[in-house]
Amino acid sequence: MIGIETLVNLLDLGGTFVFAISGALAAVNRRLDIFGILVLAFVAGNFGGITRDLLIGAVPPAALSHERYLLASIMAGLITFFSYSGVKRLRSPVLLFDAVGLSVFAVAGAGKAIEFGLNPVMAALLGMVTGIGGGMMRDLLLMEIPQVLRSDLYALAALAGAAVVVIGHELALPYGVAALAGGLLCFTLRFMAIRYAWRLPVGHFSARERAKAGKDEEEQ
Amino acid sequence: MIGIETLVNLLDLGGTFVFAISGALAAVNRRLDIFGILVLAFVAGNFGGITRDLLIGAVPPAALSHERYLLASIMAGLITFFSYSGVKRLRSPVLLFDAVGLSVFAVAGAGKAIEFGLNPVMAALLGMVTGIGGGMMRDLLLMEIPQVLRSDLYALAALAGAAVVVIGHELALPYGVAALAGGLLCFTLRFMAIRYAWRLPVGHFSARERAKAGKDEEEQ
Amino acid sequence: MIGIETLVNLLDLGGTFVFAISGALAAVNRRLDIFGILVLAFVAGNFGGITRDLLIGAVPPAALSHERYLLASIMAGLITFFSYSGVKRLRSPVLLFDAVGLSVFAVAGAGKAIEFGLNPVMAALLGMVTGIGGGMMRDLLLMEIPQVLRSDLYALAALAGAAVVVIGHELALPYGVAALAGGLLCFTLRFMAIRYAWRLPVGHFSARERAKAGKDEEEQ
């Protein structure tokens with residue numbers, strides 16, 4: 001039987017791998033070469049954690065001091081490179097794994113931020129950053145407005161999961177329990193958002209205002 | 001009567017709030033959802049200070065250890081979300097407040113960099129970075145070439161204000177005096193630049209060279 | 001006769017200068033003002049080293065604690081601004097110098113990462129990051145997908161050079177010897193890649209898959 005720490009490590013590595021797949025897929029779609037594909041894989045899989053570690057002062061970041069994250073990213077990049085169609089066909093499972101990865105990252109990120117003495121609100125936000133940072137940087141490198149800024153409760157699910165961990169910590173619950181509850185909440189929210197196409201409201205203005213906004217932008 | 005430190009704190013918070021408004025407005029213009037609006041508000045209000053703190057080794061950054069900056073950003077985001085037209089109508093006052101925010105950030109940023117032992121030239125530059133970093137990241141997240149790289153003496157005003165603080169420090173003037181002078185200089189420069197549409201010169205080349213430059217770019 | 005350290009410092013400064021030229025040229029092509037040109041020059045010349053220093057915890061980064069890097073960047077920016085056509089005409093020599101800069105940065109970056117206790121694989125990668133980071137950020141600020149993600153063995157040459165330094169360290173060779181060998185390897189690879197238009201393979205899919213990929217992207 002495997003212990004809880006082994007499980008968390010496995011999930012963490014699995015999250016990196018799935019996020020890296022998403023980066024590699026995006027890179028292939030944009031016709032990057034094999035090096036660009038590997039970079040996007042690494043960035044998508046690890047940038048969230050690296051950002052968190054820089055912000056809390058945990059240098060060098062875990063993604064740079066343990067080689068397994070690099071290996072998982074490279075493997076994801078190579079698999080995508082050599083069997084793009086196969087990976088593409090796995091799209092639904094990848095979405096599921098991605099939700100798992102998001103949950104694990106959010107929960108683990110919040111835990112690490114608490115450990116480094118951040119206050120509760122910020123610890124929850126850093127959990128969210130851990131979860132969404134990789135995807136944001138992936139999109140920026142490919143010159144797209146980050147998807148996470150526009151869709152599907154992605155970030156909110158991560159924030160909710162991380163918040164549970166923080167609240168659990170405040171209530172002095174064991175980390176394992178809070179992490180499990182937070183992870184489940186994040187996964188469920190994300191799963192429902194995909195399944196029922198839940199969306200957050202967008203800022204709204206009338207057509208006239210919209211035209212004006214466009215004009216104002218040009219004037220600037 | 002309020003003391004000078006309270007005043008600086010209030011201005012600092014006010015600067016964060018006004019910058020956050022600029023981020024939220026840009027996000028609404030691009031049809032981001034409420035989460036994206038809040039992220040842009042936080043980034044525009046705090047990214048400059050976070051960058052400075054990372055570069056001088058002050059981790060976790062102030063924007064993450066004091067919750068008031070987060071609250072000011074969220075409030076700015078919500079207000080913009082719920083009354084977009086109202087905020088839009090305040091455009092001229094917002095420009096004014098933005099100039100105040102820039103001045104406060106530049107002056108406070110230079111002061112903090114000196115405190116952390118940076119050399120004078122770099123302290124002035126970090127003051128500038130504190131002032132312009134939020135707006136740069138806001139534009140990058142929305143896939144625009146940062147406005148600050150093209151317009152209105154924005155960065156130069158921040159640099160001038162920060163330089164006054166540094167020079168004051170070298171001359172052993174009290175911080176309050178230098179900060180006030182620097183802030184006023186920055187505000188005045190920015191105000192005049194808006195009022196009289198002052199611009200810095202752009203790099204120039206003949207039409208033939210320009211066509212060639214375009215061609216070279218494509219070749220690369 | 002000049003010592004080896006002086007030589008390394010000179011090359012390092014020369015690398016900063018040449019990279020800064022590339023940033024300034026790109027800024028002039030995009031019609032940025034003089035301030036934007038100087039920013040791009042500084043970023044292209046120094047962002048790789050700054051990223052490395054943040055990741056290994058060497059704050060404040062060398063580019064901020066020694067003024068010579070700033071001076072070299074400003075000089076490159078001003079020269080480009082005042083004699084754009086002259087600099088443009090030097091394009092082939094600039095490409096050569098750029099290859100020298102890349103080699104020096106990769107080798108020096110790997111050496112510094114080893115010094116700060118990074119493991120061998122990560123030290124090599126950080127050498128690469130030192131070499132390519134400036135160019136990546138230059139392209140991002142100008143809203144282009146970083147060239148280094150698509151072309152010419154640029155990053156791979158840097159990685160190879162950095163790897164030689166790391167292997168030399170593992171074999172306990174003197175740093176000077178390993179650095180020289182690594183630098184030469186990087187330069188040669190890059191030179192051959194330019195001369196013979198070597199490219200890495202890109203991810204490939206059939207026309208049908210490509211159309212589908214495009215469609216999927218829109219759906220997201």
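UniProt, in an unreviewed entry, places the feature "transmembrane region" at residues 6-28, 35-57, 69-87, 120-141, 153-172 and 178-198 of chain A. UniProt positions follow the numbering used here, feature names are shortened, and annotations may be inferred rather than shown by experiment. Two of these spans can be checked against the model. Residues 35-57 of chain A are 96% helix and 0% strand, and their end C-alpha atoms lie 29 Å apart. Residues 69-87 of chain A are 95% helix and 0% strand, with end C-alpha atoms 20 Å apart.

This is a predicted model, in which local features need pLDDT of at least 70, side-chain atom pairs count only at pLDDT 80 or more, and totals for chains, interfaces and linings use all residues. Residues are numbered from 1 along each chain as its sequence is written, chains are lettered from A and ligands numbered from 1 in the order in which they are written, and side-chain values use heavy atoms, with hydrogens and water left out.

**How the chains are related**

Two copies of a chain are related by a rotation about an axis and a shift along it. Copies are superposed by least squares on the C-alpha atoms of residues with pLDDT of at least 70 in both.

Chain A also superposes on chain C, by a rotation of 120° with 0.0 Å of shift and an RMSD of 0.0 Å. For this rotation axis, A:Met143 again comes closest in chain A, at 3.9 Å (C-alpha). The copies use different surfaces: 11% of the contact residues of chain A recur in chain C. Contact means heavy atoms within 4.5 Å. Likewise, only 11% of the interface residues of chain A are also interface residues in chain B, so the copies meet through different surfaces.

Two packed helices are described by the angle between their axes and the distance between the axes. Axes are lines fitted to C-alpha atoms, for helices over the stretch in contact, and angles run from 0 to 180 degrees between N-to-C directions. Helices are DSSP runs (H or I, at least four residues), and strands are too (E, at least two), numbered from the N terminus.

| Helix pair | Angle | Axis distance |
|---|---|---|
| α7(C) (residues 120-141) and α8(C) (residues 154-170) | about 140° | 8 Å |
| α2(C) (residues 34-56) and α4(C) (residues 67-82) | about 130° | 8 Å |

The angle makes α2(C) oblique to α4(C). Angles under 35 degrees count as roughly parallel, over 145 as roughly antiparallel, 65 to 115 as roughly perpendicular and the rest as oblique. The contact includes C:Phe42 and C:Asn46 of α2(C) and C:Tyr69 and C:Phe81 of α4(C). Its residues divide into ten nonpolar, three polar and no charged. Ala, Val, Leu, Ile, Met, Phe, Trp, Tyr, Cys and Pro count as nonpolar, Asp, Glu, Lys and Arg as charged, and the others, Gly among them, as polar.

**Backbone exceptions**

Most residues other than glycine have a negative phi, and most peptide bonds are trans. The bond from B:Val59 to B:Pro60 is cis, with omega near -10°. B:Pro60 sits in the loop between α2 (34-56) and α3 (62-65) of chain B. C:Val59 and C:Pro60 are also joined by a cis peptide bond, with omega about -10°. C:Arg31 has a positive phi, near 65°, and lies in the loop between α1 (4-29) and α2 of chain C.
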